[in-house]
Amino acid sequence: MNLPIVVVGAGAAGLLAAIFAAGKGRRVVLLERTKDGGRKILISGGGRCNILPSELDPSRYVTASSTATMRNILRSWPLADQRRFFEEELGLTLVLEPETGKLFPSTNRARDVRDGLVSLARRRGVEVRFDSKVTDVTRAGDAWRVHLEGGEALDAAAVILTTGGLSVPATGSDGIGLAVARRLGHSVNETYPALTPLTADPPVHAPLAGISPVVTIEAPGTKFRTTGGFLFTHRGYSGPSVLDVSHLAVRSRLAGEHQAVLVQWTDLDTAGWEAIFSRGGTGTVANVVRKRLPERLADALLAEAGVPDDRTLSHLGREERKRLVPLLARYPLPWTGDEGYRKAEVTGGGVALGEIDPRTMESRRHPGLYLAGELLDAFGPIGGYNFVWAWVTGRAAGIACSVV
């Protein structure tokens, strides 16, 4: 009881773990390799921090582990209670963005979320140590020993690993938690960059960079289908809809295959476009398409289909229509690669959930070792889902540790 609880990593999961571990008066030390912590919080939502989704659909999470275990973990802290925590404990007002279903702080400042969590941890007595790089975690008799760069070591009654995965290494993610878990005998399901932009080589759509329609994307051969923002970039494609499908593309590439990604550019499907073009009339096909799509995108699709700018609806040939309609309703995105961990929002894969007690986040292999956040094998789509995973697992680990 004289030894502290040591939390490794001051990101979203680590801050929640430290806050709840200290709730019953236990000494808690929070170690963070960066100078300020919570850097993924700072960059989330374009610097606004999408704290939570307004509703949570557990079926949208991805894991190679047991989906039942994952759902049990997510149910342990209801969404309404999470919102109450941020509003009452941090004094934040959460505001719904109706078009996306996301909840943001009313200040639209991610820094207010990060700073609020750090401040709450300190108020509860957590000893926060920035610029403290952990190199290993080992057993020390009945306790644990946390090794730091420079030779220092801390003995602990329990250790909570919340070091994140491999995504956005510029924020401090270095994979140390995954390495420690492997050394301690944990099974780590194959990791890969998830929620990452896709690239095209050559970048055939670079002239469309900056255009951002709302589209529907599907991945043939899977059950995946989503509607959301899409962004043309100089190197390829991004936006929520692309990020959400990217894990399927990435995993197919790693397996030496190629997952088709089909884009429906408007709310019109194949039958809808066929109905419009079959009506005939003196209006041009170009004007009809431009009314429903950004002009540069409309012109690019018409050119790809070989439909002249002055072609009227009445004179649209059968072969022209057969080329154009699929490009409008089921466009095969010509992706060839991805931006990898450098721009990935999260890490796919991770420590197998079957080796974690879903009630406490304690390792089933090593009592006194707890794991939470991104290094576990689960992630969700864009929209606050991954913060939910961090908040829920960090809190569970912290509460369990507070009675060690």
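A residue is called buried here when its relative accessible area is under 20%, exposed when over 50%, and partly exposed in between (1.4 Å probe, protein chains only). Helices (H or I, at least four residues) and strands (E, at least two) are DSSP runs, numbered from the N terminus. The model is predicted, so local features need pLDDT of at least 70 and side-chain atom pairs count only at pLDDT 80 or more, while totals for chains, interfaces and linings use all residues. Residues are numbered from 1 along each chain as its sequence is written, and side-chain values use heavy atoms, with hydrogens and water left out.

Two strands count as paired if DSSP finds at least two bridges between them. E10 runs parallel to strand E1 (residues 5-8), joined by four bridges, with leucine 161 of E10 as the bridge partner of valine 8. Strand E21 (residues 369-371) also pairs with E10 in the parallel sense, over three bridges, and here valine 159 stands opposite leucine 369.

Most residues other than glycine have a negative phi, and most peptide bonds are trans. At 0% relative accessibility, cysteine 49 is buried. A cis peptide bond, with omega about 5°, joins aspartate 201 and proline 202; proline 202 belongs to the loop between strand E12 (198-199) and E13.

Asparagine 50 is found in the loop between H2 and E3 and is buried, at 6% relative accessibility. Two polar contacts (a pair of N or O atoms within 3.5 Å; within protein, one must be able to donate a hydrogen and the other to accept it, and residues adjacent in sequence count only if both atoms are side-chain atoms) can be followed from its side chain. With contact taken as heavy atoms within 4.5 Å, and neighbours within four places in sequence left aside, the residues touching asparagine 50 include Ser44, Lys102, Phe104 and Phe387.

Tyrosine 237, in strand E16 (residues 236-238), is buried at 0% relative accessibility. Its side chain makes a polar contact of 2.7 Å with the side chain of histidine 205. Beyond neighbours within four places in sequence, tyrosine 237 is in contact with residues including Leu198, Phe230, Leu333 and Trp335.

A cavity is a set of points on a 1 Å grid over the protein atoms alone where a 1.4 Å probe fits but cannot get out, and lining residues have an atom within 4 Å of a point. One cavity of 30 Å³ or more is found in the whole structure. The largest cavity has a volume of about 30 Å³, the volume being the space filled by probe spheres set on the points. Strand E13 (214-218) and strand E17 (262-264) each supply at least two residues of its lining, which includes Thr216, Arg225, Gln264 and Ala329.

Methods. On a 1 Å grid over the protein atoms alone, a cavity is a set of points where a 1.4 Å probe fits but cannot get out, and a pocket is an open set with protein on both sides within 12 Å along at least five of seven lines; lining residues have an atom within 4 Å of a point.
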